[in-house]
Amino acid sequence: MPKFVRHAGLLFALLLATAAGATAPDEYQVEAVFLLHFTQFVEWPAQAFGDAHTPFVIGVLGRDPFGSALDDAVRGETVNGHPLVVKRFAGAADVAPCQILFIDRSAVSDANRVIDSVSHNGTLTVSDVAVPGPQDVIIRFLNEDRRIRLRINVDFARTAGLTISSKLLRPAQVIGTIPAQ
Amino acid sequence: MTMNTKVPAIRRQLIQMVLLTSGAVLLLTVTCLFAYDFLTFRQTSQRQLDTLGRAIAANSTAALAFNNSDDAQTVLAAFEVDPHITHAALYRLDGVRFAVYPSNAAAGEFPAQLKADGTGFRFGRSDLVGILPVTEGQRRMGTLFVQSDLGAIYDRMRLYAGIVGLVVCASGLLAYFLSRRLQQRISGPILALAEMANAISTRHDYSVRASNVGAFELDQLTDAFNHMLGTIQSSEARLHVQLGHLNLLQHITHAIGDSQDLASIAQVVVTTLERSMPLQYACIARYDATVGTLTVSTVGAASQAHSERLALQPGTAIVLDDSVIAACVKGQLIHEPDTRRVALPLLQRLAAHDLGSLVIAPLVAERTLFGVLIAARGEVGAFTSADCEFLKQLSEHVALAARQAELNSALQLAYDDLRRSQQTTMQQERLRALGQIASGIAHDINNAISPVSLYTESLLEREPNLSERARNYLTTIQRAIGDVAGTVARMREFYRQREPQLSLSRVDLNVTVQQALQLTQARWSDMPQQKGIMIEVRTDLAQVPTEVMVAEGEMRDALTNLIFNAVDAMPEGGTLTIRTRRVEPSSADEPARIYIEIGDTGIGMDEATQRRCLEPFFTTKGERGSGLGLAMVYGMITRHSAELQLDSTPGRGSTFRLIFNAAGGLTVEPAFATPAIEPQPLRILLVDDDPLLIASLQEVLLGDGHDVTAANGGQAGIDAFVAASGTAQPFAIVVTDLGMPYVDGRRVAAAVKAACATTPVILLTGWGQRLVSEGDIPPHVDRVLNKPPRLVDLRAALNDLAVTAPLKRAQPGRSR
């Protein structure tokens, strides 16, 4: 399982760096892994994919803060048989349909519009900054005392047609109403 | 029966068996359950841990994925639900520990790092460790370490052990009480049987029986036991009967061993049988093979009454079927269990007198039937086969014993005969030796007195001028010489052997009596007188002729013996009476009888002695007597067809009476009564070795006018005769002595006859009478004369022979 080993090696290097302090893992390296992990805890509607060979797309809007970390993380990975690909969108107009859309703080000004445009078509929006306006990303990374925390807006997720695993909700701050199922 | 105390009782063994069986079964069951439960519980524990771990792992994926250790810690806290989970920890994919449970646990209680590989469960000594992967979807998030102590298992095992202990105790108790109760159904009857066997062996009562208990095998055992008891009981009864028979047989055998004759054996057998067997009737009958009849010989004492009613007293003949006799001869026992159904007369009689069953056992020895044993009982079929077998065996024993007794008595008889003939032979040998001595003595005496006799006779005859006194003296001398000669002659008679054939002569018994008395005078007169005992002798002799035809010597011997016995019977003295009488016959056809009685007044004889006194070798005189005296008398009496009668009273005396037939015809005068013969002168050759005899005889013959030539010795005589025979004056007659050295009278006679067959030869002998009576006249001898020769006899002989000689000469060729 070379992918797993590679993945583990990456994480190990990351944690080793964190423990050493000097080479503490970059915040984005952690976030890149988190993005990948979201594919496990979020259920996308079936219409989000054209067919079985339609790639699972992680899009990055704005300046790519991850560097090679995201590419390293998703290399060789699949989600329910769909190959994982990373697409970078320079501006709001470049945004193509994708399953996860990370909105960098550099593109936060356009974020509200972009979020609005994808809020109903099964795109999990993620950002590490607050988005001004009525719209917000579904999951936001919070950096609390050098530890990354999640804040999840379940209302937006429901709007987007996504089902977020309760497991993901438990360690996260939850905004909105969790339906009483 | 002794009980081995080391061997446990069947009761205890049964209980032990039940307890052991139930305990083993219980133990096996419990062990299986225990093992099953242990394994199951381990699996359950593992599965529970797995389930719980997987649940926790599933819930901790997000915490791991998003690096939230607080949340992980919270999730791990859920392990609190199971108090046996002691430690738990979450490790990230890189092996770094991420969160621990309990939160305050020391870091050393967990593995420092845990690699992603090597998941699963491992049982330790006291714990169960599980390593579980934490995955979300298909993505591995980390690893969960869970450790659970096995206290639950051990708690459970302890609980189980307690329960098992209780169950085992309870079931053991239950099994004990149940088996204790149930074993009695098996051990009870067995113990009862054992006790019964024990009791039987001590009491020897085989009539008891065990009762069934209602269990098949035990009932079989009981039946077999009872059957065995029955067999033993009947065997014992049989044994008892046989023992009784054996005892009886031994008793009878022992008793008949003491009996020596068939009669007493038979008496013992029938008496013992009727008492001990018992029998109502028992008898023994003798079988006579020559006529084929059975005769009752012995009847049991208790059977006498029956015997009279049945007409089967001793001496009665028994009429039996021939087939019955034939069977008996073959040695077959005849058993008639019911006398009423057989038509034989004997059986009909028995049946009529209430004797229902009968056994006839043959007495067979050496294949010869000599009698039968008849046994009868009142009831029908009263004789068992054992009884019959016993009677058969007994009869064989009795037959053997009887045969033995018979042989024994025959042997005794043969032995007695042998002893008797041995003693007779010895006696005869003694007599023969005595006779030879006496014969020699007689010869010498006769020779010695011959000159005395011749001279005395010659003097008396030819000297008419003798004084009266001298004549008297010579007469006395002549009679004395005659007595001496008579005594010597009788002595010879006394010892000489018996002739095979009697030579009877006419004997006057009165004379014989006198002779016997004279001969025995020493015994009845001289010897008693030396001891101061007086024996008076009375003779009462008949005045009528008492002549009988007897062998004179034997007659005299008999009288002598009787006189000796009479003297011996009077050790204190007494009277000896000898009487003769003549009894005329009642009818003319019968001869007159002459009686001689010899009576004494001595000790007499009792009846037994009277009965036996004639037996040879029977004596009351101890060593002094030969036991042959009366036997000889009896033998003589028998040979002469005479009678012997004996009257005797103990203390009063005995009288022997001999009865002869009187001799018929006239009384013959003695030979010496012949008239004197005128002697004819003859030329005589006198041959003797005794000069005295030659001298006296020569002188006497010369006195008669004969021409006498004397030759001293046999050879001289022959020479003289031969010398003279060729001359003109041959010897007309030869007188020669018999006993001479070198050439005896027989050879002289032979030589004379050889020379001249017609010359008569007169033989003079001291043994003369014996020669004549024994028919031993030697050849060539014409006349035998005894010494001392009496002139009368000599002259008569010379006269006879001289007269016949010329006649013989006229008839040549006839010689004697």
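The questions and answers that follow concern a predicted model.

Q: Why is B:Asn67 called buried?
A: A residue counts as buried if 20 or more other C-beta atoms lie within 10 Å of its own. B:Asn67 has 21 other C-beta atoms within 10 Å, and therefore it is buried. The residue sits in the loop between H2 and helix H3 (69-77) of chain B, and it has a positive phi of about 60° although it is not a glycine.

Q: Why is B:Tyr742 called exposed?
A: The label exposed applies if 12 or fewer other C-beta atoms lie within 10 Å, and B:Tyr742 has 9, so it is exposed. Its place is in the loop between strand S21 (733-737) and helix H20 (745-755) of chain B, and its phi, near 70°, is a positive value in a residue other than glycine.

Q: What makes A:Arg113 partly exposed?
A: A:Arg113, found in helix H4 (residues 108-118) of chain A, has 14 other C-beta atoms within 10 Å. Buried requires 20 or more and exposed requires 12 or fewer, so a value of 14 falls in between and A:Arg113 is partly exposed.

Q: Why are strands S8 and S9 of chain B said to stand at the edges?
A: Six strands of chain B form an open sheet in the order S8-S7-S6-S11-S10-S9, with antiparallel pairing. Strand S8 (317-318) and strand S9 (334-336) each have a single partner strand, so one side of each is left without a neighbour in the sheet.

Q: Which elements give two or more residues to the side of chain B that touches chain A?
A: On that side, 16 residues of chain B are in contact with 14 residues of chain A. The elements concerned are helix H2 (61-65) and strand S5 (139-149) of chain B, and H2(B) provides the largest share, four residues. By class, this side of chain B has seven nonpolar, four polar and five charged residues.

Methods:
Residues numbered from 1 in each chain as written. Chains lettered and ligands numbered in written order. Predicted model: local features only at pLDDT ≥ 70, side-chain atom pairs only at ≥ 80, totals over all residues. Pairing = 2+ DSSP bridges. Contact = placed C-beta atoms within 7 Å. Nonpolar A, V, L, I, M, F, W, Y, C, P; charged D, E, K, R; others polar.
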